[in-house]
Structures are given as C-alpha cells and as structure tokens.
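User: Could you take a close look at one helix in this model for me, and then show me how it fits into the rest of the fold?

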Amino acid sequence: MDEDGLEAMEEFVSGPLVTWMQTLEDLVGRSFNQRPQREEEASKYFRKLVNGDFLHQVMQMIDLIPTPSPWRDEGGEEDRLQTLQLVLKRLQNFYRDELHQVILSSPPNLHLMVREPFTVQAVHEMKKLVQLLLGSAVQCEERDVFIGRIQSLDISVQAALASAIREVSQEPENVLGLQWREMDPASMQQLLWDLGVRVQKLVSERDAGLEQLWELQQKEGPPLAAQLESNQSHLGVQLAERQAQVRRLQGEL
C-alpha cells in the first residue's frame, strides 16, 4: 500500500460518505461500529466496502425489487467484481426506471477497485459508487429512513452530504432528467443547452479516441486496434443517442 493511497483511504473512511454508510449497518443486520480510527481499522473497513456485500445489502433497501444476492465461492477477486457489478447495474437501472434519470458521469472503475484497492484512484472510484448510492437513497421509497439517518449526524457532515447529493442528482454534467413533458419552456431550453454541451463533449472524446486509435493501429497492429475500435463504436452509439434526444426535445418545443 503506497503512502498516497493510504492517506486517501483514511480520509475517505473518516469522511461524510462512509460516516453515513455506517449509520445503515444496523438496518442490514450488521452491528454498528464507531468510525474507524487507526490505520488498520480504516483499511479493514475499506476492504469491506470493496468486498461488495454491504453495498449490495444497502442497494436491496433502495431498490425494493427482489434480487438474489450474488453467489460467492471463495470470495476472490472475481466474486468481489461480480458483486460490485451487480450493485452498479442495479443503480443504473434504478436511476433510469424509477427516478427517470440517466447517469452521465463515467461509471466507477470496478476492476481497478478490486485489483488495486489501496490506491488513490481506487479510493476515488469507490467514492463515486457510494455517492451514487447516496443519491438514489434519498430519492427512493424508503428515503425517510435514509434522510433520518443523515439528520442524526453532525451538522457539518449533513452539509457535506447535501453537497454530494446535489452533485450527483442535479449537476447537468452528471445526470440527465427524463421528465421532459413536465418541464416548463425555460427548463426545456436549459435542458437543450445542457444536451448540446454534452454532445459537443462526446464529439471531442470521439475525435480524441479516433486519433489515439489511428496512432495505435500503426504501433500495435490489428488485434489491439480491433479492441479499441469496438470501444469507439460504443462511444459513437452514445453520441447518436444524445443527438436523438436533442432532436426529440426540439420537436416538443
């Protein structure tokens, strides 16, 4: 574990997101523990989050549609990865189907989290995942329970969590609301503007990706180029979807 990774992990585990998560432990049948203080305790708690079971139990409270817990064999990397993938997939579906929102921010890198957990980047990816959980928790049917736990915390922690909720649920860079027919003209115009900005960003990412693809085609040959081309195709689909959304909104104005 490198020093920077350790520092980032300790800061995250002692921060507002994990403080909130700890208040939920008794709701999922776990004993409530005080905030981890020592390095060893912080490392152990972060590893528990990476394990995925606790996050999946919280997701079960948010998304009331019954979903079997992932089958675990020896609790190795692949098991942890599959559990985290299930959590993320359920989150994405919940935002889309229940909250009528599309998550625009890049998804957490679960592979990095599982394979290099005690690094600065892995901590950053876990923060993104827990923040998505928080954003869905305060908008779900059981939101009163989750909000009540937030209100039991110190006022400074509440303020930090409120900021995290706004970031994941209101920032146009991170989320797109799909309740178009309920919008007034001013809100619709703002949405069109946000979509236009997003399309421009996707075009820039596509162009940069193509440039990288062409360079690697010269250096690495067909196999790697084919893999990158597949990724580029996925980006093209995203761009086409955003363009279709803009045209549909323009037709409704």
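Analyst: Let's start with its length. Helix α9 covers residues 155–169, and at 1.5 Å a residue its 15 residues should span 21 Å; the C-alpha atoms at its ends are 21 Å apart, so the two agree. Keep in mind that this is a predicted model.

Now for the sides of the helix. Val157, Leu161, Ala164, Ile165, Val168 and Ser169 are the buried residues of α9. Looking down the axis of α9, you find them within an arc of 110°, so they line one face of the helix. The general rule behind such a pattern is that an α-helix has 3.6 residues a turn, so residues three or four places apart point the same way.

What lies over that face? The cover on the buried residues of α9 includes the helices α2 (16–22), α5 (77–97), α7 and α8 (143–151), along with the strands β1 (101–103) and β2 (175–177).

Stepping back, the protein has 11 helices and 2 strands. Read from the N terminus, the order is α-α-α-α-α-β-α-α-α-α-β-α-α. Of its 253 residues, 41% are buried. If you take the contacts between residues at least 6 apart in sequence, 70% of them join residues at least 24 apart. The accessible surface is about 14,100 Å², and carbon and sulfur atoms account for 49% of that.

The largest nonpolar core holds 52 residues, and Phe12, Trp20, Met21, Leu55, Met126 and Leu129 have the most contacts inside it. Helix α7 (residues 120–137) supplies the largest share of this core, with 8 residues. Take Met126: beyond its neighbours within four places in sequence, it touches Phe12, Phe46, Leu49, Val50, Leu55 and Met113.

Phe12 brings us to helix α1 (residues 3–13), where it is buried together with Gly5, Leu6, Ala8, Met9 and Val13. These residues cover an arc of only 165° around the axis, which puts them on the same side of α1. The face turned away from that buried side carries Glu3, Asp4, Glu7 and Glu11, which are exposed.

Setting aside neighbours within four places in sequence, Arg90 is in contact with His56, Met59, Gln60, Asp63, Ile65 and Thr67. For one of these, Met59, the separation is 31 residues in sequence and 7.7 Å in space, C-alpha to C-alpha.

Last, the loop between α5 and β1. Glu98 is found there, partly exposed at a relative accessible area of 45%. From Glu98 to Gln139 is 41 residues in sequence but 9.3 Å in space, C-alpha to C-alpha. His100 lies in this loop too, and its backbone deserves a glance: phi is positive, about 55°, although His100 is not a glycine. Most residues other than glycine have a negative phi. His100 is also partly exposed, with a relative accessible area of 40%.

Terms used:
Residues are numbered from 1 along each chain as its sequence is written. This is a predicted model: local features need pLDDT of at least 70, side-chain atom pairs count only at pLDDT 80 or more; totals for chains, interfaces and linings use all residues. Side-chain values use heavy atoms; hydrogens and water are left out. A nonpolar core is a set of buried Ala, Val, Leu, Ile, Met, Phe, Trp, Tyr and Cys residues joined through side-chain atoms within 4.5 Å. Buried means under 20% relative accessible area, exposed over 50%, partly exposed in between (1.4 Å probe, protein chains only). Helices (H or I, at least four residues) and strands (E, at least two) are DSSP runs, numbered from the N terminus. Contact means heavy atoms within 4.5 Å. The expected span of a helix is 1.5 Å times one less than its number of residues. The arc is that of the directions from the helix axis to the C-beta atoms. Accessible areas come from the Shrake-Rupley method with a 1.4 Å probe; for residues, only the protein chains shown count as cover.
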